[in-house]
Structures are given as structure tokens and as C-alpha cells.
Amino acid sequence: MSEFCEKLEEKLKEVMTSERGNFRFMEPMKRHTTFRIGGPAAVFISPGSEEELREVLNLLKEENIPWTILGNGSNLLVSDEGFKGAVISMSEGWAYSGVLREDEKAGKTLIRAGAGELLSRTARLAMECSLTGMEFASGIPGTIGGALVMNAGAYGSEICNVLSRAKVMTTEGEILELPAEELELGYRTSCIPKKNYIVLEAVFELNKGSKEAMVRSIISTSSVKTTPAIGALKIPETAPAAPHPTSSISVLWSIRKILPKFEPMAEPVSTIGASAPTDPPQPMVMAEAKTEDHTLCRLIRLCLREMAYRILVTP
């Protein structure tokens, strides 16, 4: 471990004092993505509280270390070269959900969920409490935080239809309570990445309903024949006959062609401490593709972006 990393380790130990908080150097990102691919993150940090997260952000800013936020890694592609910076995981201190309050007169109930809680788990909690509105989310992978960032949705509904408010943290460590309207939720978009907010918690407003009806709704929608998510598709061995460049199969074929051109690092070496941008990065991990097929790179970026995947290839 370099002298800089040793000093960083000492500083992290000073700010990471909760039982749930932890950090690791050169953590393989393949352990944290559903594709099970990805090289090492120079430092992988899991804050256990809001105060720890604030202190971590201040420390990374002081040391000029780029960082990105990680949820469940279900829409994340990481190069074998990994990420030369800090990955902040929200899965430790914010994986919780529960009923917050019931309004019997309005017939509505509020459910609170942390940014690291699985969206599907929150949807299951709602169903178990006979609360309707989140059936669409029962099969969506990812966390609450990621769902808010992209306004996740399926089967004719989306997060903006059930979200009441959200708690976020700015890059300066300020905590804001924002109503859903201020998040500018649109089709697979929000103002969260534009303003560099970090989602901490969400509150959903749901209606009382019939558990049996919700189960039937989930079964009926899950049996509808739709285009499967890219992560559920098998990468084809041969080029697809269909010429359409944005079909899922065509994208996967393109990925099969480009992935061998990613050159893994012989020895994972941390480069923390080298020159880094002073501005906080967008919530997107960066990596480098060792290929001259820039047209293919752009095509894959475009196609995966349309499928709501975070792109991890720099130009």
C-alpha cells in the first residue's frame, strides 16, 4: 500500500466510527454488480450514517479524490480496469423500510425506505401491508436510491406516481427534504444527478387495497410477453439476423465484440493521490476501453443508455 493510501486509511478510520461503516482498498467491483464483472475500485466506502457520509465527502474533496455513488449495481457496467477513485456504497446504512404513518381519513399510508433498500423488497412490504400502488416495482432490480435517480417504472406506472418526498444530501453535506415535485421526475430521469444530490431516504404514499388483487396484478403483468432486460438475455454466439441496431440482441452482440478489447490490469495498483478533477463527478463510474472502434463504443453507449444502464466507458 502506498504512503498516500496509508494516510488515507488513517483519516478514514477517524471518520468511520459507526458499527455499520467500513471501507476497503482495491475492492473488486465484480462483487457489487449483477453482471459480476468489473475491476477494482481504488477505495470502496460504506458509510453507516449521515454524519459519516458527510465526513467522507469532505475528506474526498480535501484529498481531491473522484467519487461515485453505488446502489445495487443492477444497471452498472464496470471495465476490468476498475475505477481510480472512491466508490461510496449506500447498501450498508440505508437498507431499511417500514410503515411510517397511516391517514385513515384519506385512506393513505406512508412507507419510508432508505436509499440502500431494494425496491422489490419495499414493494413486497407494501403488498404484505395491503397497500396498493407499488405492484409495478415488484420485479425491478435495484435500490430505492437508484429508482429515484431514474424514476424507475414498468407496466404503465413509475416512481413519481407514488413518491411523496425524498431526503437528499448535497455534495457540501447539507441535508434537504424535497417534495416529489422538486425532483423533476420525468421518463427515466430526474434532477438528482444534475444537481449531484445523494439520495438518503424516500417516503411513498400508498392507498389501502386488496392483497389478493395485488397478487393477481403482479402475476398477470409478469406473464405479459415483453422484451427482457439486457441482464436477463444470453449474449448470442453469432451476429443477429435482424439489422435493427438498437434491439437488445444487437446490443449484446456488439458487447460480445467489444468486451474482449477491454484489457485487464496485470497487477491492480491504486492510483489514488494522482491529479483528479476538482469538481464532483456525475454519478457515473469511468473506465477506459482499449479499442479504436469508437463508432461501436458510441452505439453501445446509446443503446444501453436507452435501456437505463449507467455507462462506464470513457471516450
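Colleague: Which residue forms a salt bridge with Arg-24, and how far apart are the closest N and O atoms?

Modeller: Side chains of opposite charge can pair when their charged atoms come close. In this predicted model, Arg-24 pairs with Glu-27, with the closest N and O atoms 3.0 Å apart. Arg-24, Glu-27 and Arg-31 are linked in a network of salt bridges.

Colleague: Is Glu-27 buried or exposed?

Modeller: Glu-27 counts as buried because its relative accessibility is 4%, and the cut-off for buried is under 20%. Arg-24, at 31%, counts as partly exposed.

Colleague: What does the salt bridge between Lys-167 and Glu-50 tie together?

Modeller: The closest N and O atoms of Lys-167 and Glu-50 are 3.1 Å apart. Lys-167 lies in strand E10 and Glu-50 in helix H2, so the pair ties together parts that are 117 residues apart in sequence. Lys-167 counts as buried at 17% relative accessibility, while Glu-50 is partly exposed at 25%.

Colleague: How many salt bridges are there in total?

Modeller: The count comes to 11.

Colleague: Which residues touch the most other members of the largest nonpolar core?

Modeller: In soluble globular proteins, nonpolar side chains tend to be buried together. Here the largest nonpolar core has 57 residues, and Leu-148 and Phe-204 touch the most other members. Strand E12 (residues 198-208) gives this core its largest share, 6 residues. Beyond four places away in sequence, Phe-204 touches residues including Ile-111, Met-134, Leu-148 and Val-162. A second, separate core of 8 residues includes Phe-44, Leu-70, Val-78 and Phe-83.

Definitions and conventions. Residues are numbered from 1 along each chain as its sequence is written. This is a predicted model: local features need pLDDT of at least 70, side-chain atom pairs count only at pLDDT 80 or more; totals for chains, interfaces and linings use all residues. Side-chain values use heavy atoms; hydrogens and water are left out. A nonpolar core is a set of buried Ala, Val, Leu, Ile, Met, Phe, Trp, Tyr and Cys residues joined through side-chain atoms within 4.5 Å. Buried means under 20% relative accessible area, exposed over 50%, partly exposed in between (1.4 Å probe, protein chains only). Helices (H or I, at least four residues) and strands (E, at least two) are DSSP runs, numbered from the N terminus. Contact means heavy atoms within 4.5 Å. A salt bridge is a side-chain nitrogen of Lys or Arg within 4 Å of a carboxyl oxygen of Asp or Glu.
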